[in-house]
Amino acid sequence: MTASLIALVSDFGRNDWYVGVMKGVVLTLNPAARIVDLTHSVPAHDAPACSFALLATRTYLPAGAVVAAVVDPGVGGSRRVLAARSAGRFFLAPDNGVLTEVLEADGCERMVSVENRDLFLKEVSRTFHGRDIFAPVAARLSLGMDIGRLGPETADYMKLELPAALRGPGSLAVTVRWVDSFGNLITGVTGEMLAGAIAEWGAAVVDVGTAAGIPIVESYQSVAAGDALALLGSSDRLEISVREGSAAARLGADVGSVVVLRKT
Amino acid sequence: MTASLIALVSDFGRNDWYVGVMKGVVLTLNPAARIVDLTHSVPAHDAPACSFALLATRTYLPAGAVVAAVVDPGVGGSRRVLAARSAGRFFLAPDNGVLTEVLEADGCERMVSVENRDLFLKEVSRTFHGRDIFAPVAARLSLGMDIGRLGPETADYMKLELPAALRGPGSLAVTVRWVDSFGNLITGVTGEMLAGAIAEWGAAVVDVGTAAGIPIVESYQSVAAGDALALLGSSDRLEISVREGSAAARLGADVGSVVVLRKT
Amino acid sequence: MTASLIALVSDFGRNDWYVGVMKGVVLTLNPAARIVDLTHSVPAHDAPACSFALLATRTYLPAGAVVAAVVDPGVGGSRRVLAARSAGRFFLAPDNGVLTEVLEADGCERMVSVENRDLFLKEVSRTFHGRDIFAPVAARLSLGMDIGRLGPETADYMKLELPAALRGPGSLAVTVRWVDSFGNLITGVTGEMLAGAIAEWGAAVVDVGTAAGIPIVESYQSVAAGDALALLGSSDRLEISVREGSAAARLGADVGSVVVLRKT
């Protein structure tokens, strides 16, 4: 049997050795582990951004994958570490809300509070549970260990209050949830929400930052180079882009900027 | 049999989850895949830079390697995806010229237009063929699938018109093709071209940016720390460096800057 | 038998293909190699920083791991390449001092000068021994090759003169050794040194940059968000942090800044 894939999400960046030592710990316990870096560029301590990154990526991971999400400003304090099974995948995360959107979307088959210190590194630091708790526990889960061995079952977990969509007559206001390296502005508007709005209104445009009336198109080629466009992006979310340019820079928008989808 | 190595080149950067989800897709289809990131820092949408990156790295990949090159400003439009076998390696790339230099250098044993949708993800987005087409096709090729199953044979592909070398009496003008993180300026002058020029002229120096008469040496130790030098770099190309410094910063040069190799 | 883990440390950054081609060479010789990037963000040519990175990470690598440390301003000159076995792990490094702290901490079981050209790539460039020497030698060591085949035994190697701790009555002055991506200032003061000072003095505080009297605490939660604190960090070293902020930016400190630990 092949061991399960381990996927890592964090705000550690790529410059330090933090991700590398997590992998060293994993591979010490499971020498055959396969590890994928989803992203280590969640903005520092930003639980809502981490929640969105997990939501946007989970469906591209195979059954049984173990996702360790280490965005953890409360490390060393009293926050718990949770392990949840959702849609056949395992998620290890601090109890600070980062699991909110995955569990809302896919449901939670089982959740435990990770407390069995026999499964951690012998010495657990106050500042790096990614290495001392998440890495060894992920390695053991990837080898098929039952989640029940990690600690007691739990039903409650911290839920983020995420910026809700504000619905008016003929308009829908949301916020930018992620800005990628190309400067694309990714919103929380799903394909289903977008289709519903268009069905109701007939046609719609988008306002964000310094631009109003951005057309909703099928592909980048529908506008000229340098022009703004909105489309259903690869994460099944409405994205605002500038063809061969950066929407973030051109439109002066960032994570949290308000995006209005409106009837025309 | 060990599956073939998969090597990735893109302009996705390292901050987002795009590379991570491509790996998730590959490992879902081929759980034993071995994946190497060659570079994800090709300048955005820069086909000539991607072409050069493929040229500079290919010979260090094992026989049978599958290289997916996703620098693709035309994604979602009508450009084709090509799969080419060249010197025993497989290259998957949009038909936008990024294969120009590899195929010129090594020839093309076979090329097909990638059109068999049964081999793609079920839903193909308009903006992320790296995940929806390149990743699943690369996974299948790494498992030994015949390239002919991808689509019809094709002979023509888009060729970039790359800045040619301008030859004068006793001089050769080229451009900088890549600037690395150390600030080294990598040109398109090969070891063979350099040896030919030296054989003809006896001796030569290099002019670039604010510096003239840069000596061509054998190793960094031939000049003092802080001084400029030119040498045949690790990519078998003439590079201009500053010892323990950045040539790009010191000489005010970048990709596209003119470099003159001249007789002394 | 599973091949040994290969761990990479360099100053190559992540933008170029240098790390990728090293992996291509490794996987050509050992298709089953498992490779971990510890960090490629050692400041360019900074042997003391590389020495500290090796010291801080080595204990999280499994027995038999092969660590290739390529921070090598003298590449192409006359400096040797060393292979050392220390605490059951193998270290490949230029003889420029980067092994200083690992060998001081763990001792050296065996050391050879890497000279057997049959084990290198056929053509060895003047500028990229990481690819031409370190990668193929690491691949062979990971397959179990005896270190003695690399070259003659040697006992001497270059030792860095690292900034020593300056001890006064009731004070200890050291320097910042690494600044991580969160802006944490990592010093060379170990848990043992810190415990000794506290035992002798009763209580202590830290001065660095623009801040004096920083409290030494057990976890980030001991101070308010935005406040400075010192604690024994995950590398078993005294670190200065700002809760949910950057100590480097807030206190105006960097690698080399003086840190004073003093009695209160």
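Setting aside residues up to four places away in sequence, B:Val205 touches B:Gly213, B:Ile214, B:Ile216, B:Val260, B:Leu261, B:Arg262 and B:Thr264, where contact means heavy atoms within 4.5 Å. B:Val205 lies in strand E10 (residues 204-208) of chain B, strands (E, at least two residues) and helices (H or I, at least four) being DSSP runs numbered from the N terminus. The C-alpha atoms of B:Val205 and B:Val260 are 8.3 Å apart, although 55 residues separate the two along the chain.

This is a predicted model, in which local features need pLDDT of at least 70 and side-chain atom pairs count only at pLDDT 80 or more, while totals for chains, interfaces and linings use all residues. Residues are numbered from 1 along each chain as its sequence is written, chains are lettered from A and ligands numbered from 1 in the order in which they are written, and side-chain values use heavy atoms, leaving out hydrogens and water.

In chain A, the axes of helix H1 (residues 18-29) and helix H4 (residues 129-142) come within 8 Å and cross at roughly 40°, the axes being lines fitted to C-alpha atoms over the stretch in contact, with angles from 0 to 180 degrees between N-to-C directions.

Over all chains the structure holds zero disulfides, a disulfide being a pair of cysteine sulfur atoms within 2.5 Å. The sulfur of A:Cys108 is 16 Å from the closest cysteine sulfur, in A:Cys50, and therefore too far for a bond. The table lists relative accessible areas (buried under 20%, exposed over 50%, partly exposed in between; 1.4 Å probe, protein chains only).

| Residue | Relative accessible area | Class |
|---|---|---|
| B:Val205 | 12% | buried |
| A:Cys108 | 37% | partly exposed |
| C:Cys50 | 0% | buried |
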